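Here's a quick tour for anyone opening this structure for the first time. Have a look at the model, then read on.

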Amino acid sequence: MLTRAQLQHFKTQGYVLLDNAVPENLLQSLREATNRVTQKARRKDWPHVRRAGEDDIWGVSHLLHPHLGEPIFAEYIASPIVIDVVGDLLGVAPENRPAKLQLELVNMLVNPAGKDHEIGWHRDLIRTDLPPEEERAELRKLQYGVQWNTALYDETCLLIVPASHLRPKTPEERDIVFNRPKDPMPRQMAVALKAGQGVYYNANLLHRGVYPKAMRRETLHCCMGVTDGALLRTHLYTGLAWMDRPGFRETLPAPLVPLYNNFLQMMAAFEALPEKSRRK
């Protein structure tokens, strides 16, 4: 599905932009569903949110949860547009994807209603305070997944430092991360997305989010990976016990079932590890 140039750009720069990241027939239905979910979360009728202060939010989690009652999100994740792009970026041949890919997080990013919000520069899978050589070693290990933002409305909310997934932070970057984490970063770029476009990116790019209240944002924020490195990405197993309940499998479209089974196997393997063996 992706061109050689796109795959190379993802490898060297850590991200790739897709023009048609949502199946055309799902865009309006996804907008209607995200609006319902956003309103439910703002009314505090859905507890799984990322808070911007005590009475505001900037994200909504667990969009596949059966209690949310929105099967359109599973339909989106099961679409070839998603699974084929993830498989291509992770180098998994089509015939191996049911055995190698695993279903992971399906969340949403939204604009706060009350006041602007920002989060500081970070990498998602690596502690900010690691010394450069430890950071370099961790970056070599943690290349087993991909995450993405797919916009349902125009937005320019993600800031990234291209190619930063391949190296430790420079002294200047470390100073900003530790002391002024919302300051501009050298070589940063803002990812501008039109409705229906997506950016697939390496979770260990230096990045941060800005959330202006005046810009409507309902952006699908998801990740998938390969089972080979699943035990290195321990955040996947936090708060997801609901995915191992009877009946959840039956809510999923057929293409997601083997990916879900892979997730359950890796979660069980993680939970069987001795506490001292689990990555922090």
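## Ground rules

This is a predicted model, so to speak of local features we need pLDDT of at least 70, side-chain atom pairs count only at pLDDT 80 or more, and totals for chains, interfaces and linings use all residues. Residues are numbered from 1 along each chain as its sequence is written, and side-chain values use heavy atoms, with hydrogens and water left out.

Helices and strands are DSSP runs numbered from the N terminus: a helix is H or I with at least four residues, a strand is E with at least two.

## A four-stranded sheet

Let's start with an open sheet of 4 strands, in the order β5-β10-β7-β8, with antiparallel pairing. At its edges sit β5 (117-118) and β8 (189-193), each of which pairs on one side only. Two strands count as paired if DSSP finds at least two bridges between them. In general, strands of a sheet pair through backbone hydrogen bonds, either parallel or antiparallel.

Walk across the sheet and you can pick out the links. β5 and β10 run antiparallel and are joined by 2 bridges; here His-117 has Tyr-211 as its bridge partner in β10. Next, β10 and β7 pair in the antiparallel sense over 3 bridges, and β7 (residues 155-160) pairs with β8, also antiparallel, over 4 bridges. Ile-160 turns up in both pairings: its bridge partner in β10 is His-207, and its bridge partner in β8 is Met-189.

## β10 on the inside

Why is β10 described as largely enclosed by the rest of the structure? Because 5 of its 5 residues are buried, where buried means under 20% relative accessible area, exposed means over 50%, and partly exposed is in between (1.4 Å probe, protein chains only). His-207, Gly-209 and Tyr-211 point one way from the strand, while Arg-208 and Val-210 point the other way.

In the loop between β9 (198-201) and β10 you'll find Asn-204. Asn-204 counts as buried because its relative accessibility is 0%. A polar atom of its side chain lies 3.2 Å from the backbone nitrogen of Leu-125.

Which residues is Asn-204 in contact with, leaving aside its neighbours within four places in sequence? They are Arg-123, Asp-124, Leu-125, Ile-126, Leu-139, Leu-142, Ser-164 and His-165. Contact here means heavy atoms within 4.5 Å.

## The pockets

Pockets and cavities are found on a 1 Å grid over the protein atoms alone: a cavity is a set of points where a 1.4 Å probe fits but cannot get out, a pocket is an open set with protein on both sides within 12 Å along at least five of seven lines, and lining residues have an atom within 4 Å of a point. Grid points are joined across faces, edges and corners, and a volume is the space filled by probe spheres set on the points. The largest pocket has a volume of about 950 Å³. It is lined by 42 residues, and the closest to its centre are Arg-50, Leu-105, Asp-124, His-221 and His-235. Strands supplying at least two lining residues each include β7 and β10 (207-211) from the sheet above, along with β4 (101-110) and β11 (218-226). By class, this lining has 20 nonpolar, 13 polar and 9 charged residues. Ala, Val, Leu, Ile, Met, Phe, Trp, Tyr, Cys and Pro count as nonpolar, Asp, Glu, Lys and Arg as charged, and the others, Gly among them, as polar.

The second largest pocket has a volume of about 210 Å³. Helices α1 (4-13) and α4 (80-89) each supply at least two residues of its lining, with the largest share, 3 residues, coming from α1. Its lining divides into 5 nonpolar, 5 polar and 2 charged residues.

## The cavities

How many cavities of 30 Å³ or more does a search of the whole structure find? There are 3. The largest cavity holds about 60 Å³ of space, and among the residues lining it are His-62, Leu-105, Trp-242 and Met-243. By class, that lining has 7 nonpolar, 2 polar and 1 charged residues.

## Two positive phi angles

Most residues other than glycine have a negative phi, and most peptide bonds are trans. His-62 has a positive phi of about 65°. This histidine lies in the loop between β3 and α3 (72-77), and it counts as buried because its relative accessibility is 12%.

Ala-163 also has a positive phi, near 70°. Look for Ala-163 in the loop between β7 and α7 (171-179).

Methods
A polar contact is a pair of N or O atoms within 3.5 Å; within protein, one must be able to donate a hydrogen and the other to accept it, and residues adjacent in sequence count only if both atoms are side-chain atoms.
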